[in-house]
Amino acid sequence: MMYVRPKKSLGQHFLTDTNIARDIVDAANISKDDIVVEIGPGNGILTRLLAGRAKRVIAIEIDERLIDKLREEFGSFNNIEIIAKDALQFSFNEIEGRFKVAANLPYYITTPIIFHLLESRDRIISMTLMMQREVAERIVANPGGKDYGVLSIAVQFYAEPALNFIVPSSAFFPKPKVESAVVFFRILDKRRVDVLDEGFFFKVVRAAFSQRRKTLRNALRSANLPSITDDALDSAFTKTGIDPKRRGETLSIAEFAKLADTLFCHTSS
């Protein structure tokens, strides 16, 4: 295994446990017909295993120190392409055909990377991502718990995430201070719920969670959403049958959609 000193500025924690890497590949359900995109191949431990099962592996790496070493390490592989680029700046729509994603994500860019990938969701079959356990638990959370929030809804609007397994800090070098988790995302064929205006829907969701201790009505009032008057709120709660004294964390995505659409009709009328 090649060695490069991890860069703190890039949040690098290299996976060193081959068994964990193999578990990630298994979770990703890679077959010989698959194109796989790996973000941040690092020391190449996951890259090698992916290449052994996939038709093609496209590994995107930002660290210049690693790029030459990766190209040298995998020079004899005819199904690995190393791309020197920041994954946040990479256009995944440039990749021909549909593909799967597998990656050990740096903690500090986990959420931006997920949202950037979801922008190309029409091209993505599934994503198998390792991330900080705390973030994973928020992504897969259901209504009613403390972990459920904007991130849960934003991801579950487009995908069906499942937490596959926990990864101890001992599987990395250097050891992070927290545990990691591997999450499998099945990309939905269409949005989980239909809404009249997606942008407005997420404004309502963010407003509902902006002050978690407040009731839904008070949180939406405090958010100063344009054109949403007290009368509009009262009418929307009556029409949807949603109790205004509930808190945002108790509403399902379908209930948020119903509430947002009803309020949107008020703002459009």
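Is F202 buried or exposed, and at what relative accessibility? In this predicted model, F202 has a relative accessibility of 12% and counts as buried, where buried denotes under 20% relative accessible area, exposed over 50% and partly exposed in between, with a 1.4 Å probe and protein chains only. Residues are numbered from 1 along each chain as its sequence is written, and side-chain values use heavy atoms, with hydrogens and water left out. Because the model is predicted, local features need pLDDT of at least 70 and side-chain atom pairs count only at pLDDT 80 or more, whereas totals for chains, interfaces and linings use all residues.

A search of the whole structure finds 10 aromatic pairs, a pair being rings of Phe, Tyr and Trp (its six-membered ring) whose centres lie within 6.5 Å, with planes under 30 degrees apart counted as stacked, over 60 as edge-to-face and the rest as tilted. One of these is the edge-to-face pair of F74 and F77, at 5.3 Å centre to centre and 85° between the planes; F74 is buried at a relative accessible area of 4%, while F77 is partly exposed at 25%. F201 and F202 also pair edge-to-face, at 5.0 Å and 75°, and F201 is buried with a relative accessible area of 0%. F201 and F202 belong to one aromatic cluster with F157 and Y158.

Helix 4 spans residues 110-118, and its buried residues are T110, I113, I114, H116, L117 and L118; helices (H or I, at least four residues) and strands (E, at least two) are DSSP runs numbered from the N terminus. The elements covering these buried residues include strand 2 (35-39), strand 5 (99-104) and helix 6 (150-156), contact being defined as heavy atoms within 4.5 Å.
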